[in-house]
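Welcome! Take a moment to look over the sequence and the model, and then let us walk through a few residues together.

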Amino acid sequence: MSRKRGGTDFVETTVNVRYAETDQMGIVYYANYLVWFEVGRVAWCKAKGFHYAEMESGDGRFLMVAEASCRYKAPARFEEDIVVRTALAKATDRVIRYQYEICRKSTGQLLAAGQTAHVVTDINFRPARLPDHYRHYFSLPPRRMAIDD
């Protein structure tokens with residue numbers, strides 16, 4: 001599901017907190033929020049009209065995580081439904097930045113917010129450009145082609 005909030009187009013994904021994602025107190029272990037960011041990114045790609053796995057297998061391009069941050073506001077608990085909201089924060093043909101909000105589904109309470117930055121790489125993990133046919137998904141204009149005289 002896609003929703004606009006403050007002019008930002010978020011894609012929403014619901015996740016049910018599993019027991020394995022919690023500590024002995026039934027509170028979600030902090031690193032699992034980063035896993036949920038990934039769930040959100042994959043859902044964002046699908047909602048925009050492409051599959052990330054095809055970018056890897058068909059185009060030999062990977063979005064390697066270069067930075068990740070998460071600000072925790074309130075705990076999520078075992079068996080709660082949470083909503084992962086994912087949006088494109090900024091994109092160039094070499095770096096993609098996403099922003100995330102994780103909320104309690106029942107109340108809308110913000111549990112965590114964060115960002116990730118991804119470097120586009122080739123199959124040898126060297127920096128590369130985003131293939132032209134993906135540019136519009138990231139709100140990038142077509143790349144200018146050099147014209148031979």
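In which helix does R41 lie? R41 belongs to helix α1, residues 32-48; helices here are DSSP runs of H or I with at least four residues, numbered from the N terminus. This is a predicted model, where local features need pLDDT of at least 70, side-chain atom pairs count only at pLDDT 80 or more, and totals for chains, interfaces and linings use all residues. Residues are numbered from 1 along each chain as its sequence is written, and side-chain values use heavy atoms, with hydrogens and water left out.

R41 is buried but has no salt bridge, as the nearest side chain of opposite charge, E38, is 4.7 Å away. A salt bridge needs a side-chain nitrogen of Lys or Arg within 4 Å of a carboxyl oxygen of Asp or Glu. Beyond its neighbours within four places in sequence, R41 is in contact (heavy atoms within 4.5 Å) with residues including V65, Y98 and H118.

Now to helix α2, residues 52-59, where M55 is found. M55 and P131 are 76 residues apart in sequence, yet 8.8 Å apart in space, C-alpha to C-alpha. Among the residues that M55 touches are F50, L130 and F138.

Buried means under 20% relative accessible area, exposed over 50%, and partly exposed in between (1.4 Å probe, protein chains only).

| Residue | Relative accessible area |
|---|---|
| M55 | 0% |
| C45 | 2% |
| C103 | 2% |

What about the cysteines? With a disulfide taken as a pair of cysteine sulfur atoms within 2.5 Å, the count is zero disulfides. For C45, the nearest cysteine sulfur, that of C70, is 19 Å away. The sulfur of C103 is 12 Å from its closest cysteine sulfur, in C70, so the two are too far apart for a bond.

How values were computed:
Helix = DSSP H or I, 4+ residues; strand = E, 2+ residues; numbered from the N terminus. Lys, Arg positive; Asp, Glu negative; His and termini not counted.
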